[in-house]
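Open the model in your viewer and keep the selection tool ready. We will go from stop to stop.

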Amino acid sequence: MSLTAVGFIPAAPLLVPQVAGGSAQLDDELRDACREVARRLVAATNDAITVVAPVAADATWSNDATWGFEGFGVPRRPADDRPRLPWPLGIGDWLLDDVAWTGARHHIGVLGDGTASSAGSAGSAGGLLVVGDGTARRTEKAPGHLDERAEGLDATIATAIRSGDVAGLGSLDPSLAADLLCAGAPVWRWLMTVVADRSVVEAELLTDTAPYGVGYFAGWWRLSG
Amino acid sequence: MRRIYHAGVPAATETLHWGSRELPPGHIAVMAIVNATPDSFYDRGRHWGTSATLDRVTQVLAEGADVVDIGGIKAAPGGEVAAAEELERVLPVVEAARERHPDAVISVDTWRAEVADVVCRAGADVINDAWGGVDPDLASTVARHGAGYVCTHAGRHTPRTRPHRVWYDDIVAETTSYLVDLAERAVAAGVRRDGIMIDPAHDFGKNSRHSLLLTRHTDVLVATGWPVLMAMSRKDFIGEALDLPPDDRLEGTLAATAVAAWLGARMFRTHDVPATRRVLSTVAAIRGDQDLALGRRALA
């Protein structure tokens, strides 16, 4: 089995309507772009999809874990007794449920240094759903307040996704990315190591937006066979 | 007076001693926000400048505030305010307020021990450590002056940073255990046990649901035995419950105030002293902690 496609979505909890609450419709456009990414991934994949997302160093989960956002104060409805994935993986897992993916799924957590966490199931897969976003310092109201360098780094990320530039996306300056609270940088660094010998034959950036001062990207790559 | 209804309503038992005041159980106190800042989120510099800030102190005391809480740095991120500048803003207000209002309880909102030391020497009675114990020398400084101390939970965040995607396996348990630990460490550092309050610090290191959960479970905080301060005035969790800006959050704040007071919180930090006082008096009357201010209806 080999990788056939990569989908990019943000790690924003508000993507999940249950988390966003009454304001969920404000982000329908972003959510729909992510659904489109997931649908393309499903269409390009016969066997399995692997969700890849940033996790904390001490994150653990079991193979039967599912999404749940109780730690943000949101009870899952309808209730589900299975153990929970770390929330960034949960965002990807929620999206796969949302597009009714019933095939196999795996989960890979990526640590801050760009290496895969040993926890959970790390299977090779037909499609990768990569969860991560750009800087969180685009405006004064942004989570990390304004940093003038943020817009430039997000532009670099957008260009790399749009043009299928594996090395460009995977080689962001780690200290700059950390300064700018760029949650995607370690995940994209990991991605570079697993698709380095492949070529991107189709690339599209579906969304490039920052409505809350955080750089959100929805994108899509098809890999050479 | 005979208490008619008790079930499910925890009763605070200890009298709080702050400055020259005793704040006994049953008296739900009001802490008035006095901003010595040009840029705080609600008043946006309305009382900026020592003279205007002092007028505000006089006003809130006349309105029935039990405590004035003077702060020199807004909570949100922005230009750095060093300790020297913080003192330039706060110290003249503390000194003058002490002189004009010898019996008032004066609190200063600061996370810095060096600021606390100076303002306590100038007559501050309480230090409100709103960023949750980031300066390891603060409690011992408070102890040295015999001052009161507010312990808060800010999610271990750096002062003046915004929470971003913060996750708590159990926000109520985490906050409660952190506050009890902070309070006990303050006692160990020499702070008077009868001068300590705990404050879950709504919105500090929390999303709106976390703040609502802490309000819903006020009784868990009260059950620790430490008197509970609630600082909810016009904050974002009220705004997000209603989708309203700070100017339109009074009713939401008062609703949260009534709920938390019913569940046993002992003090409320507010921008709106008269409205808060009325709400708390009503709750105290419902709880049976306070008699009617006027008893004539159907009694003549």
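**Stop one: an exposed alanine**

Select Ala298(B): this residue is exposed, with 5 other C-beta atoms within 10 Å. That count makes Ala298(B) exposed because the label applies at 12 or fewer. Keep in mind that this is a predicted model. Ala298(B) sits in the segment after α10 (273-287) of chain B. Now check its backbone. Phi is positive, about 65°, although Ala298(B) is not a glycine. Most residues other than glycine have a negative phi.

**Stop two: an arginine in a loop**

Stay in chain B and select Arg156(B), in the loop between β7 (148-152) and α5 (171-188). What is phi of Arg156(B) near? The value is near 60°, which is positive in a residue other than glycine. Is Arg156(B) exposed or partly exposed? Arg156(B) has 13 other C-beta atoms within 10 Å, so it is partly exposed.

**Stop three: a cis peptide bond**

Move to chain A and select Pro78(A), in the loop between β2 (48-54) and α3 (87-98). Look at the peptide bond that runs from Arg77(A) to Pro78(A). This bond is cis, with omega near -5°. Most peptide bonds are trans.

**Stop four: where the chains touch**

Show both chains. How many residues does each chain bring to the contact? Chain A brings 12 residues and chain B brings 13. Next, select helix α6 (residues 208-216) of chain B. This helix gives the most to the side of chain B that touches chain A: three residues. Colour that side of chain B by residue type, and you will find five nonpolar, three polar and five charged residues.

Key. Residues are numbered from 1 along each chain as its sequence is written. Chains are lettered from A and ligands numbered from 1 in the order in which they are written. This is a predicted model: local features need pLDDT of at least 70, side-chain atom pairs count only at pLDDT 80 or more; totals for chains, interfaces and linings use all residues. Two residues are in contact if their C-beta atoms, placed from the backbone, lie within 7 Å. Helices (H or I, at least four residues) and strands (E, at least two) are DSSP runs, numbered from the N terminus. Ala, Val, Leu, Ile, Met, Phe, Trp, Tyr, Cys and Pro count as nonpolar, Asp, Glu, Lys and Arg as charged, and the others, Gly among them, as polar. A residue is buried if 20 or more other C-beta atoms lie within 10 Å of its own, exposed if 12 or fewer, and partly exposed in between; C-beta atoms are placed from the backbone.
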